[in-house]
Amino acid sequence: MAETRKERARHWRYEELPGVDLLRARYIRKSFVRHTHEHFVIAAIADGVEVFHHGGGDQYAGAGALALVNPDTPHTGRAGVPEGWQYGAVYPSPDVVAAIAAETTTLRGTPGFVTPVLDDPYTVRLVHQVLRATDEGNALAADTLLRVAVTRLLRLNGGTLPRREVRTAGARTAARARAVLEERMAAPPTLEQLAADLGISPFALLRAFRDTYGMPPHTWLTDARVRRARRLLDAGTTPSEAAVTVGFTDQPHLNRHFSRIVGVPPGAYQRERKNVQDARGGLSVTSGAWQWNGQQSTSTRTYGPITEGMTRSGPEGSRTAPSSGTPWASGSPSDSPGSPSA
């Protein structure tokens with residue numbers, strides 16, 4: 001029992017799902033600082049409760065619910081109960097979601113999620129099936145299940161994201177400040193120096209930046225450094241080199257911020273992503289080391305009917321989530337969810 005209470009996380013990619021990051025984790029004491037993602041966040045809660053600050057207030061996602069965050073949206077994350085929370089997540093890129101929306105919905109413009117929490121055990125099961133399919137090298141299942149899950153979420157909770165237009169003088173100043181910080185990431189100016197260069201007072205710049213990007217400049221800079229470090233790690237740069245390149249003092253400095261934003265240390269992140277499913281043909285990679293609700297999962301899986309949500313319809317075509325009971329019939333993700341009624 002003590003083994004299942006340990007914090008653990010795996011952040012990886014699957015070669016056959018380009019543009020999608022994957023995560024499986026159990027956190028108890030983990031606290032994610034305010035940060036953003038370039039991709040969508042679709043986090044399927046298996047156990048416990050996650051609390052995340054989003055849109056001006058705390059959001060609560062328990063077992064059978066999904067935490068949904070649009071790209072470039074500031075949010076946090078922490079446990080909502082003493083035992084923490086356990087979840088699996090997929091992070092599809094905006095291009096991936098837009099392509100699925102264009103094919104299977106009538107949404108126009110930039111698609112996104114309307115509310116940050118959706119109670120839908122059926123889609124929770126789909127997300128965990130995507131992760132299991134990647135573990136087993138089942139590219140057909142992984143791709144199919146991901147498309148069904150995203151289509152269903154867009155129909156139940158989809159809308160068109162507003163265009164981010166820089167209109168006010170404050171927003172234009174914040175954009176200029178952001179450009180300076182991106183260019184001088186490794187050796188950024190102080191707030192006073194940055195404000196003087198832009199012809200504005202420090203507090204006025206601080207206010208404009210927070211209003212535009214949802215966080216103060218120093219928090220945004222840390223987030224941006226971690227994003228750039230991820231790209232460097234993906235390209236094969238060592239964590240120590242990446243740390244200095246993006247402006248952290250050393251690797252421990254990178255480790256601390258990277259773990260508080262990505263959820264795993266940079267070394268573990270890079271090892272998983274360098275080993276992108278080398279084995280093919282249904283080989284289970286590391287899923288056997290994971291325990292869900294106390295039951296270890298190592299057996300070969302099959303994938304049942306998943307035709308729901310694959311035909312084109314409007315966003316109102318399937319607004320009511322089916323009643324599916326608990327997400328897992330026997331403590332582990334259901335492998336063959338029946339097609340729910342529309």
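Me: How many salt bridges does the structure hold, and what makes a pair count as a salt bridge?
Reply: The structure holds 15 salt bridges, each being a side-chain nitrogen of Lys or Arg within 4 Å of a carboxyl oxygen of Asp or Glu. Do keep in mind that this is a predicted model, where local features need pLDDT of at least 70 and side-chain atom pairs count only at pLDDT 80 or more, while totals for chains, interfaces and linings use all residues. Residues are numbered from 1 along each chain as its sequence is written, and side-chain values use heavy atoms, with hydrogens and water left out.

Me: Why do D21 and R230 count as a salt bridge?
Reply: Their side chains meet at 2.7 Å, N to O, which is within the limit, so the pair counts. The pair links distant parts of the chain, with D21 in strand β2 and R230 in helix α7 (residues 217–234), 209 residues apart. Helices (H or I, at least four residues) and strands (E, at least two) are DSSP runs, numbered from the N terminus.

Me: What makes R231 and E38 a link between parts of the chain, and why are they called partly exposed?
Reply: Their side chains meet in a salt bridge at 3.2 Å, N to O. R231 lies in helix α7 and E38 in the loop between β3 and β4, so the bridge ties together parts 193 residues apart in sequence. Buried means under 20% relative accessible area, exposed over 50%, and partly exposed in between (1.4 Å probe, protein chains only). R231 at 44% falls in between, so it is partly exposed; E38 at 40% does so too. By contrast, D21 and R230 are buried.

Me: Why is the pair of Y27 and W85 called tilted?
Reply: Rings of Phe, Tyr and Trp (its six-membered ring) pair if their centres lie within 6.5 Å; planes under 30 degrees apart are stacked, over 60 edge-to-face, and the rest tilted. By this rule there are eight aromatic pairs. For Y27 and W85 the centres are 5.5 Å apart and the planes at 55°, so the pair is tilted. Y27 in strand β2 (residues 20–27) and W85 in strand β8 (residues 85–92) are 58 residues apart.

Me: What are the rings of F40 and F113 called, and how do you know that F40 and F113 are buried?
Reply: The ring centres are 5.5 Å apart and the planes at 75°, so this pair is edge-to-face. F40 has a relative accessible area of 2%, so it is buried, and F113 is buried at 5%.

Me: How do you know that K30 lies over the face of F32?
Reply: A charge sits over a ring if NZ of Lys or CZ of Arg is within 6 Å of the ring centre and within 35 degrees of the ring normal. K30 is at 6.0 Å from the ring centre of F32. The charged end of R225 likewise sits over the ring of F248, 5.6 Å from its centre.

Me: Which residues of the lining of the largest cavity count as nonpolar, polar or charged, and how many of each are there?
Reply: Ala, Val, Leu, Ile, Met, Phe, Trp, Tyr, Cys and Pro count as nonpolar, Asp, Glu, Lys and Arg as charged, and the others, Gly among them, as polar. The lining of the largest cavity divides into twelve nonpolar, six polar and two charged residues.
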